[in-house]
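Biologist: I have a new model open and I would like to learn how to read it. Could you take me through some features, one at a time?

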Amino acid sequence: MLYDARNLTPDWFAERSWDLAICGAGPAGISLARRVAGQGFRVLLLEGGGTAPHFESQVFYEGESVGREYFGLDETRLRALGGSSNHWNGWCRPLDARDFRPRPDHPLSGWPIDRDALDPYAAETERILDLGPEPDPVPSPVEGRLEGFHPVAFRWSTPVTRFNAKYVEELRASQEIDLVIRASALEALPNERGDAVRRIRLAHPEDEWRAEARARAFVLCLGGLENPRFLLNSRGAHQEGLGNDRDQVGRYFNEHPHFHVGEAVLRRPFAHMRFVSPDDDLLLGEGVLNFAMRFISLLPARHDGSVGRSRLARAVCNSEAEWSMRLAEALRGGRELDCRDVRLQIVTEQELNPDSRVTLAENRDPFGQRRLRLDWRLADRDLHTIRRGARLVAEALAHSDLGRARLDPWVLDEGAPLPGLDEDEVAGHHQMCTTRMSANPAEGVVDADCRVHGFENLYLGGSSVFATGGHANPTYTIVQLALRLGDHLADRLSDPARLPLP
Ligand SMILES: Cc1cc2nc3c(=O)[nH]c(=O)nc-3n(C[C@H](O)[C@H](O)[C@H](O)COP(=O)(O)OP(=O)(O)OC[C@H]3O[C@@H](n4cnc5c(N)ncnc54)[C@H](O)[C@@H]3O)c2cc1C
């Protein structure tokens with residue numbers, strides 16, 4: 001059923017209880033609610049916004065950004081049913097298997113689960129995200145032929161899945177799910193022992209009322225920035241916030257730095273967009289983190305797929321002399337080479353830096369909750385990955401004689417500042433790792449089951465639980481994790497003794 005909190009009273013909540021209460025109805029919350037309800041359990045799904053984005057709801061997302069220049073915090077997310085899927089671009093790819101493994105030179109890296117734990121959820125994730133067909137298997141000029149690199153594939157949600165439009169009628173008709181819109185979760189109220197959550201306190205923006213919702217288990221699916229903010233604002237029993245005895249909540253904020261690093265001319269015709277990523281040996285040998293280089297077609301080719309010599313001549317070769325000479329020779333010989341222009345865009349993983357973090361600002365939202373303060377930082381390793389990664393691709397293009405690259409001056413000059421938001425995309429709107437998954441409670445916030453360390457019945461969903469960020473867009477993995485969490489919860493909920501109503 002779908003309820004609007006405007007038409008409910010605190011008594012309505014007091015008179016009921018649910019097996020599971022989920023806060024936040026974006027891709028994570030909706031996927032999770034459907035999975036658990038599909039196994040016969042009663043679910044309360046609390047959504048702070050309405051059925052469509054509205055300024056009145058966005059105002060709760062305002063906050064301070066005090067680190068690297070970042071998108072406006074009320075612009076990079078949407079606070080309405082369906083969450084940020086209301087404006088996502090539909091790029092999808094699972095994380096690499098290597099993203100889950102610890103790397104000796106990347107402190108804290110590694111997940112307490114392997115990718116195998118998520119693979120069984122791939123098919124259902126692809127149905128939920130309406131993924132288009134597998135990419136065109138026709139090899140491009142770079143795929144599989146660039147020394148030290150392998151091709152990586154993306155798929156696109158087609159037509160791009162908006163979770164509100166896709167699921168609102170199903171949720172309205174559901175007998176197991178009670179979706180309450182305009183019901184903002186404010187804080188979690190723990191029991192006296194401080195090892196379980198008893199209730200979620202919630203509010204409606206237009207009225208003065210506060211209500212409390214009871215359930216056997218609780219999951220926060222508020223997004224990569226709001227999950228830590230909610231925990232830090234839950235100060236009833238713990239001054240430092242819930243699940244934060246080891247000062248881990250909000251740390252390790254990761255994005256996917258996105259930078260256009262230059263242009264290249266390829267010898268062979270090229271279709272739209274292709275991606276490569278470094279092989280393990282190169283990654284470890286060069287001390288770079290995981291990344292993908294996007295080859296984005298710049299210009300339509302001539303009808304035969306070639307472009308003229310003048311364009312080739314303009315490309316400043318970033319390679320060793322021998323290769324430059326071969327190119328010059330080809331040009332002198334007057335041969336028209338098959339080639340096309342591409343832009344090179346690098347998308348990288350970030351180091352797990354505890355100082356790149358989310359904390360609480362002093363000022364407050366209209367409910368009186370402290371707002372978000374984001375301090376996004378790029379570590380030396382991140383800068384090295386961006387610059388060295390770009391050079392490695394440029395060098396490999398020349399060595400493989402597949403083309404020539406011209407890198408932008410800031411890539412080659414280590415002292416130069418990185419482009420800002422006026423000049424480039426900078427990041428991907430992917431907010432990750434702020435309540436990361438860890439086997440050791442001293443290194444993260446949730447365990448391998450997404451359960452907050454030290455809590456019986458409090459779980460988190462979404463990209464805040466990513467232990468590392470990899471380079472792939474996060475929503476595919478978010479949905480996989482939600483489905484896996486759904487099965488875990490259904491298993492625990494099936495035994496009332498294991499998860500009693502607190
Ligand atoms: C411009 C843009 C383009 C993107 N493109 C891509 C892409 O191509 N591929 C990709 O993988 N990802 C992309 N993303 C990221 C993608 O949108 C997110 O990964 C995804 O939406 C996260 O899902 P979520 O459910 O974890 O969080 P969200 O989508 O943020 O959902 C959180 C939900 O919680 C609700 N909520 C928040 N606070 C409260 C509260 N206090 N009480 C109750 N409810 C609350 C919100 O209203 C929302 O419904 C893009 C993002 C943006 C902004």
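**Two packed helices**

Modeller: Let us begin with a helix pair: helix α2 (residues 27–37) packs against helix α12 (residues 475–493) at an angle of about 35°, and their axes are 8 Å apart. Please keep in mind that this is a predicted model, where local features need pLDDT of at least 70, side-chain atom pairs count only at pLDDT 80 or more, and totals for chains, interfaces and linings use all residues. Residues are numbered from 1 along each chain as its sequence is written, and side-chain values use heavy atoms, with hydrogens and water left out.

Biologist: What do we need to describe two packed helices?

Modeller: The angle between their axes and the distance between the axes. Axes are lines fitted to C-alpha atoms, for helices over the stretch in contact, and angles run from 0 to 180 degrees between N-to-C directions. Here α2 passes α12 in a right-handed crossing, that is, the near helix is turned clockwise from the far one by less than a right angle.

Biologist: Which residues in α2 meet α12?

Modeller: P27, A28, S31, L32, R35 and V36 do, and their counterparts in α12 include I478, V479, A482 and L489. Contact means heavy atoms within 4.5 Å. By class, the contact of α2 with α12 has 11 nonpolar, 3 polar and 2 charged residues. Ala, Val, Leu, Ile, Met, Phe, Trp, Tyr, Cys and Pro count as nonpolar, Asp, Glu, Lys and Arg as charged, and the others, Gly among them, as polar.

Biologist: How many helices and strands does the protein have?

Modeller: There are 12 helices and 19 strands. Helices (H or I, at least four residues) and strands (E, at least two) are DSSP runs, numbered from the N terminus.

**A sheet**

Biologist: How do strands of a sheet pair?

Modeller: They pair through backbone hydrogen bonds, either parallel or antiparallel. Two strands pair if DSSP finds at least two bridges between them.

Biologist: How many bridges join β16 to β17?

Modeller: The two strands run antiparallel and 5 bridges join them, with β17 covering residues 370–375. L360 has L372 in β17 as its bridge partner.

**Backbone angles**

Biologist: Is C433 buried or exposed?

Modeller: C433 is buried, with a relative accessible area of 0%, whereas D247 counts as partly exposed at 35%. Buried means under 20% relative accessible area, exposed over 50%, and partly exposed in between (1.4 Å probe, protein chains only).

Biologist: Which residues does a cis peptide bond join?

Modeller: T158 and P159, with omega at about -15°. P159 sits in the loop between β7 (155–156) and α5 (163–173). Leaving aside neighbours within four places in sequence, D130 is in contact with several residues, among them T158 and P159.
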